[in-house]
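Dear colleague,

I am passing on the structure we spoke about, and below it I have set out what was found. Please read the notes with the coordinates open beside you.

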Amino acid sequence: MSERLSNRPPGPTQEQIDEIARRFLTTTEMVAEARRKLHPHSWDFVAGGSETEATLARNRLALDLWALRPRVLCDVLQESIDTSSSLLGIKLRIPVIFAPVGGMTMLDPKGALGPVRAAAQFGTMTFISSVTEPDIDVAALEADGRLVLQLYIRGDADWVDAYVERALKVGCRAICFTVDTDAYSRRERNQLNRFFQQTPLVTGGRTGVMSAAGREHQERFNWKDIERIRKKFDLPVIIKGIATAEDAKIAVEHGVAVVYVSNHGGRQLDHGQGTLEVLPEVVAAVNGQAEIMIDGGFVRGTDILKALALGAKAVGLGKLQAWALAAGGEAGMGLLLHLLEEEITKDMMLMGLTKLTQVDRSVLAPAQPHTWPTALSAFPHLDRFR
Ligand SMILES: Cc1cc2nc3c(=O)[nH]c(=O)nc-3n(C[C@H](O)[C@H](O)[C@H](O)COP(=O)(O)O)c2cc1C
């Protein structure tokens, strides 16, 4: 597959881009199309969480527990609305980043190439998982410098160093270590579907996250390794999977550039807190000494504004990215970013805001949840597509 992808397959034509934009006026339609198109077992793999799926539900619940406080008569000419933010010194047209997603050839034959290209063209960023196609060498050619390598540890220090050197060589902006996967969780949907027996996710002979080979290196990976890598390489380090103030503080002490608040979209430890619930304590612990990113349940413009209001610089998309890719391929990824930009712009206008620096805690008020939280509860009209 890497070889096939290394010949830089063409991107979508303008006709295809227009066609996708006509087909999907809303993200709801993209999710519905992904559900229609994907094999039910693949759908479950993407949409599901671990064990009881409490963490997954709490990600959504944490978002629903805040309401927005609109201000009016603020002179919010649409052309003057600035939705941009930045991370690692890179300007982001909207504060939305594609989170690392493994095994993306299950969603689109070009794997992560669609997200990488769409993010570069639009003006945001992609984290590419070390367990997806294509290789970073291929992805970097399409990324316009807007790429971060997310690495699962499957070898010793020499193995890790060789990977970091490769990331440096191809121009990745940072290296991201995902640290919430010391055990591969029990994802009951996949087990009930016998998903891994029938559909191996490991492609091209590379070691997937669910492969046992080399897992002991991930299990033993610790803060001393972070310290070693930080000292040895001139490449910003991102730790993904921080879920407590205690670990955020240790990350800062280790000179981490970005503290990435995440619980893997509820796919790892079950009965954890929602990420937005954890964000304020992390922000306090980091105390301005690192940038903060978050993911977990974010699918709407209003969700993104809530994260910013509580101190995040940018928001990662996992499941929504996967669904848009399955629904519309590379053109779908571009459309997803445009739809979110439109949501954010309109939400800002309706809140009386013209720049994201105006978004702070004062725009939020505690609220009662209005619906039962699930991975799909932010898409209340999905039932029409059954
Ligand atoms: C299908 C799928 C595969 C994923 N693979 C990875 C991965 O390879 N590496 C990683 O760090 N996180 C991975 N994640 C987690 C995402 O990066 C992200 O933390 C999570 O999906 C965010 O929650 P959300 O799906 O509610 O947006 C994956 C998520 C999904 C849905």
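At what distance from the ring centre does Arg267 lie over the face of Phe45? The value is 4.9 Å, and please keep in mind, here and throughout, that this is a predicted model.

Aromatic rings

There are five aromatic pairs by the rule applied here, with ring centres within 6.5 Å. Because Phe45 belongs to helix H4 (residues 40-47) and Phe195 to helix H10 (residues 195-198), the pair ties together parts that are 150 residues apart in sequence. Phe45 and Phe195 are both buried.

A further pair is formed by Phe127 and Tyr260, whose ring centres are 5.6 Å apart and whose planes stand at 80°, so this pair is edge-to-face. Since Phe127 lies in strand S5 (residues 125-129) and Tyr260 in strand S9 (residues 258-261), the parts that this pair ties together are 133 residues apart in sequence. Phe127 and Tyr260 are, again, both buried.

A charge over a ring is also found at Phe122, where the charged end of Arg93 sits 3.9 Å from the ring centre.

The ligand

Around the ligand there are 21 residues, of which Pro100, Ser129, Thr178, Asp295 and Gly297 come nearest. Pro100 places a backbone N or O atom 2.7 Å from an oxygen atom of the ligand, while Ser129 has a polar side-chain atom at 2.7 Å from a ligand oxygen atom. For Lys240, an N or O atom of the side chain is 2.9 Å from an oxygen atom of the ligand. On its own the ligand has 600 Å² of accessible area, and the protein covers 97% of it.

The surroundings of Ala139

Ala139 is part of helix H7, which spans residues 136-141, and its relative accessibility is 0%, so Ala139 counts as buried, the limit being under 20%. If neighbours within four places in sequence are set aside, Ala139 is in contact with Leu113, Val116, Ile128, Pro134 and Leu147. The C-alpha atom of Ala139 is separated by 9.1 Å from that of Val170, which is 31 residues away along the chain.

Definitions and conventions:
Residues are numbered from 1 along each chain as its sequence is written. This is a predicted model: local features need pLDDT of at least 70, side-chain atom pairs count only at pLDDT 80 or more; totals for chains, interfaces and linings use all residues. Side-chain values use heavy atoms; hydrogens and water are left out. Rings of Phe, Tyr and Trp (its six-membered ring) pair if their centres lie within 6.5 Å; planes under 30 degrees apart count as stacked, over 60 as edge-to-face and the rest as tilted. Helices (H or I, at least four residues) and strands (E, at least two) are DSSP runs, numbered from the N terminus. Buried means under 20% relative accessible area, exposed over 50%, partly exposed in between (1.4 Å probe, protein chains only). A charge sits over a ring if NZ of Lys or CZ of Arg is within 6 Å of the ring centre and within 35 degrees of the ring normal. A residue is near a molecule or strand if one of its heavy atoms lies within 4 Å of it. A polar contact is a pair of N or O atoms within 3.5 Å; within protein, one must be able to donate a hydrogen and the other to accept it, and residues adjacent in sequence count only if both atoms are side-chain atoms. Accessible areas come from the Shrake-Rupley method with a 1.4 Å probe; for residues, only the protein chains shown count as cover. Contact means heavy atoms within 4.5 Å.
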